[in-house]
Number of protein chains: 2
Amino acid sequence: LTQLRTIGVIGGMGPAATVDFLQRLVSSLPVSDDRGHPRILVDSNPHVPDRNAALQASGPSPGPALAAMARGLAAQGAELLAMPCNAAHGWADDIRAATPLPFIDMVAATVALARGAGAIGLIAVAATLDARLYHGPLEALGIVVIEPERRAVAELVARVKAGDTGAGARAAATAIAEALAARGADRVIAACTDIPLVLGQGQCPVPLIATSQALADATLAAAAA
Amino acid sequence: LTQLRTIGVIGGMGPAATVDFLQRLVSSLPVSDDRGHPRILVDSNPHVPDRNAALQASGPSPGPALAAMARGLAAQGAELLAMPCNAAHGWADDIRAATPLPFIDMVAATVALARGAGAIGLIAVAATLDARLYHGPLEALGIVVIEPERRAVAELVARVKAGDTGAGARAAATAIAEALAARGADRVIAACTDIPLVLGQGQCPVPLIATSQALADATLAAAAA
């Protein structure tokens, strides 16, 4: 058995979404004991500048903070990097420039799973939509992108970030997914890592792609390579 | 609002238990948004030498690895340290000697919650029992310690470490707790952080203290102090 490479996680956006991603890293690998797992170094930093404000030019760029986190994880021994926040991928180039480590791109990992879709409902916050992080690669595959009602997504993400993952929040998530399906989406991408905390496949009328699971699978594959 | 101090987590023993501890850190604090959370740095290292083998002098000490992890977390910016593994607390002095940071002791945090008990059933692995990590402080409070059937605990912990937290594992955990209660325990301590993954209060016939929750609460209190 070859030892897996050490994974560095640029996290905290939000903290609960990072724990959900770590849970996926830990539970997506068949293991017989502790030693079957990779070493995982995590920087869960909830003080990274706000991604939505930065994209609207009403706040500082998160790029320098993300680059510093990447360098810190590399100094600790990380051999590859992953970041379970979609909006922050708008500053992925700052991370790539900060260290020579491979950066496992959540957008690319997710888009690879979307091939064959006709129209995708994209549950994402404004920074992800406005930066067209998913629009570009999905449209290049001939896939139509259907945007959600932005206020509904912003309100739901704020609820999750306040620790509310209860029945009301779950119902709101289902309503967003159902509205996208009603408008023609044959798949839904939970393109904000807070969303899978309140939206599972059982609540979604069409196949659901969780970006956090796509990233976990791609990260574990890269750690084994 | 005073910013919380950065928490360093010496983890990976096991990896799933560390994620459970992080989940408790993230969900035990009332927050209104991401920024209400502390920064958390984690070294989830499943390659720390085996604690049971070390205590039986049949394997190397985990002390140097734990000390190195503590130094790495301190270098990254951790301001206090916590370690969600009971057996590894047998080497807590190596961690305390490695950095000047406060080390939040899981045994002390748990024992503080045990005051008033008459007899405690201690679900723990051999290294924790043989080092008498809990026996000493509990007996000093006049509390009788009732040990579990060691083979049953070892088998259950091995199942959890292999990723099995299903109904069979949960039934085995309940059987261990019930046997301790039948022998006179008026409380049970889940003194192995893998145990709460398969034993909740609803499955335990007497009040259950989860060491991972005691440590999460003590760590958050220390981060706010």
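Predicted model: local features only at pLDDT ≥ 70, side-chain atom pairs only at ≥ 80, totals over all residues.
Which residues in H3(A) meet which residues in H3(B)?

In H3(A), the residues concerned are A:Gly72, A:Leu73 and A:Gln76, and they meet B:Gly72, B:Leu73 and B:Gln76 in H3(B). By class, the residues of this contact comprise two nonpolar, four polar and no charged. In each chain, helix H3 covers residues 63–76. The two axes come within 10 Å and cross at roughly 160°. An angle over 145 degrees counts as roughly antiparallel, and H3(A) and H3(B) are therefore described in that way. Their crossing is right-handed.

Let me move to a second pair of helices, this time within chain B. Helix H5 of chain B spans residues 106–114, and helix H10 of chain B spans residues 211–224. Their axes are 8 Å apart, and the helices pack at an angle of about 100°. That angle makes H5(B) roughly perpendicular to H10(B). From H5(B), the residues B:Met106, B:Ala109, B:Thr110 and B:Leu113 take part; they meet B:Thr211, B:Ser212, B:Ala214, B:Leu215 and B:Ala218 in H10(B). This contact has six nonpolar, three polar and no charged residues.

I come now to the nonpolar cores. The largest contains 74 residues. Which of its members touch the most other members? They are A:Leu25, A:Tyr134 and A:Leu138, together with B:Leu25, B:Tyr134 and B:Leu138. Taking B:Leu25 as an example, and setting aside residues up to four places away in sequence, its contacts are B:Ile7, B:Val9, B:Ile40, B:Ala216, B:Thr219 and B:Leu220.

Finally, I would draw attention to two individual residues. Helix H8 of chain A runs over residues 150–161. Beyond four places in sequence, A:Val157 touches A:Val125, A:Cys192, A:Asp194 and A:Ile195. A:Val157 and A:Cys192 are 35 residues apart along the chain, and their C-alpha atoms are separated by 8.4 Å.

The other residue is B:Thr6, in the segment before strand E1 (7–11) of chain B. With 10% relative accessibility, B:Thr6 also counts as buried. Again leaving out residues up to four places away in sequence, B:Thr6 touches B:Arg39, B:Leu41, B:Gly77, B:Ala78, B:Glu79 and B:Leu80.

Notes:
Residues numbered from 1 in each chain as written. Chains lettered and ligands numbered in written order. Heavy atoms only, no water. Core = buried A, V, L, I, M, F, W, Y, C linked by side-chain atoms within 4.5 Å. Buried < 20%, exposed > 50% of the residue type's maximum accessible area, 1.4 Å probe, protein only. Contact = heavy atoms within 4.5 Å. Axes fitted to C-alpha atoms, helices over the stretch in contact; angles between N-to-C directions. Helix = DSSP H or I, 4+ residues; strand = E, 2+ residues; numbered from the N terminus. Parallel < 35°, antiparallel > 145°, perpendicular 65-115°, else oblique. Left-handed = near helix turned anticlockwise from the far one by under 90°. Nonpolar A, V, L, I, M, F, W, Y, C, P; charged D, E, K, R; others polar.
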